[in-house]
Amino acid sequence: MAADKSEIVKPGKAKSKTELQEVDLRGKIVCLPEAMHAVYGIDLPTNHGHIWGFKTKDGTFYTLLRTKLSETLFVDEQVRKKELILKGHVLPKTQIFEMTDMKSVRNGVVCDLYYYCDICAIKTLSPGPCMCCQGPVKLVEKRPE
Ligand SMILES: [Zn+2]
Ligand SMILES: [Zn+2]
């Protein structure tokens, strides 16, 4: 009986994030159905729903998990147009990517990419509204000093 109990307790904590290796993926956001159409000739319905994923420079595709931190990739077209370096985890046994941080590449230079509220001086990965004053935030691409 005691052994059974400990097994029940385990799964929730089993895959703590520290066990997952952090990786950087460099590439661009793509619509996965469109990319699969282009690469493998798969037929799409006339009005397909975009499914945003990530294509790395070596041509590997990843599905992006929509989380609080990655929300911007799904809602901000400005960000989707950029060459990006996404930091995060490829979840075990999947090609699903959980993003924890992002940078952009502009003219070959790696820049910090974030939203900024001028009033509160708060940096965030969330496309807004500002978590403090509820006002608009602006996208900032900052070159290293
Ligand atoms: Zn699409
Ligand atoms: Zn604010």
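Is Ser126 buried, partly exposed or exposed, and why?

Reply: Before the details, please note that this is a predicted model, in which local features need pLDDT of at least 70 and side-chain atom pairs count only at pLDDT 80 or more, while totals for chains, interfaces and linings use all residues. Residues are numbered from 1 along each chain as its sequence is written, and chains are lettered from A and ligands numbered from 1 in the order in which they are written.

Ser126 is partly exposed, because 16 other C-beta atoms lie within 10 Å; a residue is called buried if 20 or more other C-beta atoms lie within 10 Å of its own, exposed if 12 or fewer, and partly exposed in between, with C-beta atoms placed from the backbone. Ser126 sits in the loop between strand 7 (122-124) and strand 8 (138-142), where strands (E, at least two residues) and helices (H or I, at least four) are DSSP runs numbered from the N terminus. If residues up to four places away in sequence are left out, Ser126 touches Glu71, Tyr115 and Met131, a contact being a pair of residues whose C-beta atoms, placed from the backbone, lie within 7 Å. Although Ser126 and Leu69 are 57 residues apart along the chain, their C-alpha atoms are separated by 6.8 Å.

The loop that holds Ser126, between strand 7 and strand 8, also holds Pro129, which is joined to Gly128 by a cis peptide bond with omega about 0 degrees.

Another loop, between strand 6 and strand 7, contains Ala121, whose phi is near 55 degrees, a positive value in a residue other than glycine. Ala121 counts as exposed because it has 8 C-beta neighbours inside 10 Å.

Leaving aside neighbours within four places in sequence, Phe54 is in contact with several residues, including Leu25, Ile29, Leu64, Leu86 and Phe97.

Methods
Two residues are in contact if their C-beta atoms, placed from the backbone, lie within 7 Å.
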